[in-house]
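Reader: Before I rely on any label in this model, I would like to see each one set against its definition. Could we go through them in turn?

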Amino acid sequence: MSEPLLVVDDLQTHFHTRQGVSRAVDGVSFSVDKGQILGLVGESGSGKSVTGFSILGLVDPPGRVVGGEIRFRGENLLALPPERMRKLRGSRIAMIFQDPMMTLNPVLRIDTQMMEAVLAHESMSRRAARDRCREALARVGIPAPEERLKAYPHQFSGGMRQRVAIAIAFLHKPDLIIADEPTTALDVTIQAQILAEAQELCRDSGTAMIWITHDLAVVAGLADRLCVMYAGKIVESGDIDAVLDHPRHPYTGGLIDSVPSRNRRGRALAQIPGMTPSLLNLPEGCSFRPRCERASEHCFQLPELSEKAPDHRARCFHPLTTRATAKAPA
Amino acid sequence: MNTPARLLIDETETSRVPILAFRNLGKRFVKPLDLAARIASRLGAGYREEVVHAVDDVSLSIHEGEVVGLVGESGCGKSTLGRMVAGILEPSSGELYYRDKAISKMNPGERREWALDVQMIFQDPYASLNPRLRVRDIVGEAPRVHGMVKARELTDYVAEMLRRVGLDPGFMRRYPHQFSGGQRQRIGIARALAVKPRFLVCDEAVAALDVSIQAQVLNLFMRLREELGLTYLFISHDLGVVEHLSDRVVIMYLGRIVEVARTEALFDSPNHPYTRALLAEVPRIDARRRRFAALKGEIPSPLNPPPGCHFHPRCPHAMDRCREAAPPLREIAPGRWSACFLNDEPGNSHV
């Protein structure tokens, strides 16, 4: 088999702060195949967004990628000259951010911004570029795209703005899109629209996607594979069904059980005790140890991310074996 | 047909007096014209004041010990309604009743009792705590001001409140910034509990928290309900949370209530097309690799809502009638209310 589209190997991104070194991403490895949707799930501070930024080379000081390799179509992105990286970014790898109000320039019209994105990577006439932008807007379901091209970002609603951001990300039919919580700020019906657009565009153009989120339910419907992050490390990865139906890491199991769902109505939710540790002051060994009921002396050493079942890896000495909690009826 | 406060309650519960009820409650926000616009309109420029009907003619009764979930998307007026119930906003029309007594007809003593009995918990645990006060003062201020505890017993009282919400009383002298989001939300809950309320309005109280912390706070809400016999109006956009916690669910769309039902009934067989669309689109952890089929259209601006039924431009079943008149909220089955003309159509009994 040929190499996957993207291989992240032992990525380390550290933030050097006055209080010490914060290992936001600490030895993360995963790969994404062409056309695949990977869900990257974690709570705030787990390093999921910094992983996304690292791939695009967008980590700002005091953060720095200090180790590892990111191979995209066989090239190590970390060794690329900035000029070459800039060519890739936006054309072959694109990003969709959580808040489209932050990524769209409020004082420029949509057509100006979109055409700039087209012409930055391809030489064509302004008219052709404009046609391309109009088609892109129409594809993400924006009504009257010709008129909307002349509008400013503040004239769009939150959902429409996110669609514009998605349209821009798909302008060059990239090989990979990194989406960082793109629907978190949106309402349920609008979120479903955005998920539908993203899903369809990926299917049509064969684009691979990394969908970063804290919401297990969103990736459950969208992703093919799942990586769960905790305190800068991947604690579990595998096929979406395997991970969600038979979680091996106690943290993943706890997360799934703490999602309110109808079969446990009125009863107490299973909860993970304690809170996410500070990255500056991580517990020794497995970082989940202080919150884990299965922890033992052994857990003062760091477990490896190892295969617990075919194509299903977890970083735990005492993995869950069978699904202990009730599974929701189909 | 209904005594004012007895609107919208389960048939089985008509004998009980609701703890809180409101009838035809409305809230308008008016943006007055500035000086230039006033002068221009006097000269015939035709500027008008902008009026938003944030909440438009809603009625409901809530019983002691009940958990009512209030669901809707942004701009539907759910927070405005919650704030009116908690006494933070003055209604523009309609009447609010506490223990069968109209708020507008209460004497100062009764008003004070209502104000203390109904407390609110806010969404943002960062913005809702005064950063310059210690936890002891945040939690202890209200009971001290209202003479519920003596000054020298205050420390013990605050310690008890903190223990009740699962915080170490040793944290009493700390400031809010020294706590995590989940702990701050617990401080907010302790502050509300300190005046011994009977009714809590929780406005998106877990929306800002991480999943594992959210479960802790939801469990706390359920435990407090059992220990103290509290009644909740639980406002949320998260149907999963509401389904887990509520006895009854109220769905709002653009300022109006479109459906009220017991939780099981609502989730098993939603009646209103909006409710059905909402339920169909909730991401669920057991639905894998699904094809998201989206409801068309945007939520209209509350500044300029569509005529008739507010939902008709997005509704797959809209008829001519829906464009002309707003369907009233009618009882379609015992304890089950829906505002949709489809229920009048013969042979259309999808209840």
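Author: What follows takes the sheet, the core, the domains and the chain contact in turn.

Author: This is a predicted model, in which local features need pLDDT of at least 70 and side-chain atom pairs count only at pLDDT 80 or more, whereas totals for chains, interfaces and linings use all residues. Residues are numbered from 1 along each chain as its sequence is written, with chains lettered from A and ligands numbered from 1 in the order in which they are written.

Reader: How do you know that β1 (residues 6-17) of chain A is joined to β2(A)?

Author: Strands are DSSP runs of E with at least two residues, helices are runs of H or I with at least four, and both are numbered from the N terminus. Two strands pair if DSSP finds at least two bridges between them; β1 and β2 of chain A run antiparallel and have 10 bridges, so they meet that definition. As one residue-level example, A:His16 has A:Val21 in β2(A) as its bridge partner.

Reader: Why do β2 (20-32) and β5 (75-76) of chain A stand at the edges?

Author: The open sheet of 4 strands in chain A has the order β2-β1-β4-β5, with antiparallel pairing. Each of β2 and β5 has a single partner strand, so one side of each is left without a neighbour in the sheet.

Reader: What makes the set of 192 residues a nonpolar core?

Author: A nonpolar core is a set of buried Ala, Val, Leu, Ile, Met, Phe, Trp, Tyr and Cys residues joined through C-beta atoms within 7 Å, where buried means that 20 or more other C-beta atoms, placed from the backbone, lie within 10 Å of the residue's own. In the largest such core, with 192 residues, A:Trp211, B:Val85, B:Ala190 and B:Phe234 touch the most other members. Domain 1 (6-223) and domain 2 (230-314) of chain A both give residues to this core, so it lies between them.

Reader: Where do the bounds of domain 1 and domain 2 of chain A come from, and what touches across them?

Author: The bounds come from an automatic or database domain assignment, and the centres, taken over C-alpha atoms, are separated by 27 Å. The contact, counted where C-beta atoms placed from the backbone lie within 7 Å, takes 20 residues from domain 1 and 14 residues from domain 2 of chain A. On the domain 1 side, β2(A) gives the largest share, 9 residues.

Reader: Which element gives the most to the side of chain B that touches chain A?

Author: The contact takes 37 residues from chain B and 38 residues from chain A, and α7(B) gives the most to the chain B side, with 8 residues.

How values were computed:
Buried ≥ 20, exposed ≤ 12 C-beta atoms within 10 Å, placed from the backbone. Contact = placed C-beta atoms within 7 Å.
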